[in-house]
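My entries follow the structure.

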Amino acid sequence: FQMGDNKLPQQMNGLAVNENGDAPTENGDVVTPWDVSSGSATGVDYDKLIVRFGCRKLGEDLVDRLERLTGKKAHPMLRRGMFFAHRDFAAILDRYEKGKPFFLYTGRGPSSGSLHLGHLIPFMFTKYLQELFDVPLIIQMTDDEKFLWKNLKVEEAKKMAVENMKDIISVGFDPEKTFIFQDFEYMCPPFYENIVKIWKCVTGNQARAIFGFVGEDSMGKAAFPAVEAAPCFASSFPHIFGKKTDIACLIPCAIDQDPYFRMCRDVAPKLKAPKPSLIYSTFLPALQGAQTKMAASDDSSCIYLSDTPKQIKNKINKYAFSGGQQTVEEHREKGGNCEVDISYQYLRYFMEDDERLEEIKEEYSSGKMLTGELKAIAIEEVSRVVMEMQERRKSVTDETVKEFTAVRPLKYTF
């Protein structure tokens with residue numbers, strides 16, 4: 001039993017909460033599927049968020065077990081705590097150990113023509129998990145969600161979804177193991193049946209409590225969470241899983257998506273289906289500081305995957321919040337604060353060498369390394385990631401997208 005799984009909350013002030021309806025924000029943190037902000041320079045207090053959401057901390061015991069079972073070193077983001085919380089991840093490791101099947105599910109709501117670095121985090125990690133476990137992957141593009149929430153026309157949302165899919169494919173996914181779909185394009189009878197079953201299990205009061213909907217919201221917003229929950233169930237994809245209904249699901253995503261799947265875990269037993277397991281990431285902070293995450297709507301807050309090396313350099317040099325001191329002399333004496341320095345935080349996500357990362361931390365904290373030098377390293381590392389993505393994207397065409405979105409069996413037999 002985990003808090004929040006067996007009792008849906010009954011009241012909420014527009015904030016994701018725990019099972020008792022509590023929304024403590026004494027440190028100024030706001031975390032919902034649509035809004036993330038913090039009153040602290042170090043960002044969201046994730047330990048308090050774990051308590052508030054009722055999930056569990058992803059400790060070294062699970063990371064060690066993962067490495068033992070697979071015989072491979074854990075991903076840097078896992079080793080460094082960037083993926084920090086979970087719901088029933090141990091159950092997925094149990095299935096892997098016993099040779100029982102499961103699948104991965106994650107998604108993207110297209111709100112800009114290009115992904116930014118923050119959007120890239122779950123997909124990079126999902127690719128690692130797919131290669132590690134060799135399992136099917138479902139990627140949902142919620143173009144309908146963005147039509148409901150944003151001032152977009154249907155065709156605009158669909159077009160953005162296609163461009164975002166090209167970015168996602170550029171992460172390096174295998175079309176034989178991966179099915180990507182747009183909500184506007186894929187709605188087979190079994191998928192819709194699961195949506196309707198979820199609707200029937202969740203009352204209007206519960207939906208308002210979980211998601212903070214108000215009377216002025218369109219009825220489409222209240223209906224949408226079931227659309228994001230339906231891919232958790234293998235029965236939504238008969239072309240992949242046949243008539244199997246007992247195949248479990250693991251969802252890598254950012255922690256702000258938890259309300260959707262907390263709801264889904266509550267209704268899963270009523271649908272006679274396994275509860276989805278989840279593994280949650282922290283937020284890649286905006287360039288201006290960790291008080292909020294990168295936002296596609298604010299060009300100066302984020303680095304797009306379409307940015308040039310010159311744009312990346314200019315953005316980091318101009319906007320990246322520094323943990324350094326006011327003067328060189330003072331910095332040499334007191335050192336910098338890596339906890340709030342955005343350049344260092346980006347290195348934690350993208351630099352693969354643990355020893356080099358630790359050296360940078362020691363040199364910057366002691367004052368030996370200056371802010372300009374740290375930014376130069378961050379520029380090089382972020383540029384490497386983005387340029388590698390851009391190089392792969394050159395070969396991703398509309399035909400490539402059709403290959404991934406075609407309704408077809410994957411390489412697995414169930």
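**Notebook: salt bridges and a helix pair**

I began with arginine 384, which is partly exposed, with a relative accessible area of 27%. I keep in mind throughout that this is a predicted model.

I then looked up its partner and found that arginine 384 forms a salt bridge with glutamate 381, the closest N and O atoms being 2.7 Å apart. The two residues sit three apart in helix H18, so about one helical turn separates them. Glutamate 381 counts as buried, because its relative accessibility is 13% and the cut-off for buried is under 20%.

Next I turned to arginine 393 and glutamate 163, whose side chains meet in a salt bridge at 3.1 Å, N to O. Arginine 393 lies in helix H18 (residues 371-393) and glutamate 163 in helix H7, so this pair ties together parts 230 residues apart in sequence. I also noted that Glu163 and Arg393 belong to a network of salt bridges that includes Lys166, Asp167 and Asp398. Over the whole structure, my search gave 27 salt bridges.

Last, I examined helix H2 (residues 60-70) and helix H4 (residues 89-98), which pack at an angle of about 15° with their axes 11 Å apart. H2 is therefore roughly parallel to H4, and the crossing is left-handed. I listed the contact residues, among them Leu62, Leu66 and Leu69 of H2 and Phe89, Ala90 and Leu93 of H4. The residues of this contact divide into seven nonpolar, one polar and three charged.

Conventions. Residues numbered from 1 in each chain as written. Predicted model: local features only at pLDDT ≥ 70, side-chain atom pairs only at ≥ 80, totals over all residues. Heavy atoms only, no water. Axes fitted to C-alpha atoms, helices over the stretch in contact; angles between N-to-C directions. Helix = DSSP H or I, 4+ residues; strand = E, 2+ residues; numbered from the N terminus. Parallel < 35°, antiparallel > 145°, perpendicular 65-115°, else oblique. Left-handed = near helix turned anticlockwise from the far one by under 90°. Contact = heavy atoms within 4.5 Å. Nonpolar A, V, L, I, M, F, W, Y, C, P; charged D, E, K, R; others polar. Salt bridge = Lys/Arg side-chain N within 4 Å of Asp/Glu carboxyl O. Buried < 20%, exposed > 50% of the residue type's maximum accessible area, 1.4 Å probe, protein only.
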